[in-house]
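Hi,

Here is the structure I promised to pass on. Have a look at it first, and then read my notes below.

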Amino acid sequence: MRKFNIITISLLSLSLLGACSNSNSNDKASSDSSKSSSLEAKESSIKKAKAELKKKESSIKKAQSKSKKAESEKEASENAAATNSQQVTQQQNSDSYQTQTSTPIKSQSQINMERGYDPKGNPVMPGQDHAPGSDVYGNPDSWVQGQIDWAKSQGMIDSNGNETENFKNWVSQRDNAWNNGQDDFPDYDQNKTNR
C-alpha cells in the first residue's frame, strides 16, 4: 500500500507538473499569439501609412503638374499678347507714317505763328513769325548779334549775356549825374573801375 501511495503521489505530482508546464506553454502560446497579432497590427498600420504617403505624394505630383501646366499656359498667353501688341504697334506706326506723309510738313515760321512763341520761348511779333531781333529759330538776327558781340568786347556784358558789375556801377553813376543836372558825364571805359 505504501508503494501504491508513493506511486499515486508520484503520478499526481507528475500530472500537476504537466498541468503547470501545459499552463506555462499555454501562457507562452497566448503571449506569442498576442505578440504576433501586435506585430501584424503594426505591420498593417505601417502599410496603411505607406499607402497614405504614396497617395499624398501622387496628389502633390498632380498639383505640381497642374501648376506647371498653368504656368506654361500663362506664358503662352503672355507671349501671344506680346505678339499681338507688337503687331498693333507696327500697324499704328505704319498708319501714322502714312498719315504724316500725306499731311504737308509745316515750316518753323508756321509753327511759331500758330504757337505765338519762337523755339526759345520769346513771344513773336503780331502778324510775324519771329520775336523782335531774332530769326524764326529764336537766334539773334545778324544786327542784334553784332550789338551783342560789340557789348562783350567793350566789357559791358559777360559771355552769358549778363551785365558786368563795372558796367552796372557806371550806369548807376551816370543816372545819378543826369538826375543832378550834369549832362557831360564821361562815356563808359571798361579799363576804368567804376565804384
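One thing to keep in mind: this is a predicted model.

Let's start at Glu114. Its relative accessibility is 56%, so it counts as exposed, because anything over 50% does. Glu114 makes a salt bridge with Lys106, and their closest N and O atoms are 2.9 Å apart. Lys106 has a relative accessibility of 46%, so that one counts as partly exposed.

How many salt bridges does the structure hold? There are three. Another one joins Lys168 and Glu165, at 3.8 Å from N to O. Both of these residues sit in helix H4, three residues apart, which is about one turn of the helix. Glu165 counts as exposed at 54% relative accessibility, while Lys168 is partly exposed at 38%. Then there is the pair Asp175 and Arg174, with 3.2 Å between the closest N and O atoms. Asp175 is partly exposed, with 30% relative accessibility.

Now for the inside. The largest nonpolar core is made of seven residues: Ala151, Met156, Ile157, Phe167, Trp170, Val171 and Tyr188. Helix H4, which covers residues 165-179, gives the most to this core, with three residues. As a bit of background, nonpolar side chains tend to be buried together in soluble globular proteins.

Which residues does Phe167 contact, leaving aside its neighbours within four places in sequence? They are Gly155, Met156 and Tyr188.

Cheers

Definitions and conventions. Residues numbered from 1 in each chain as written. Predicted model: local features only at pLDDT ≥ 70, side-chain atom pairs only at ≥ 80, totals over all residues. Heavy atoms only, no water. Core = buried A, V, L, I, M, F, W, Y, C linked by side-chain atoms within 4.5 Å. Buried < 20%, exposed > 50% of the residue type's maximum accessible area, 1.4 Å probe, protein only. Helix = DSSP H or I, 4+ residues; strand = E, 2+ residues; numbered from the N terminus. Contact = heavy atoms within 4.5 Å. Salt bridge = Lys/Arg side-chain N within 4 Å of Asp/Glu carboxyl O.
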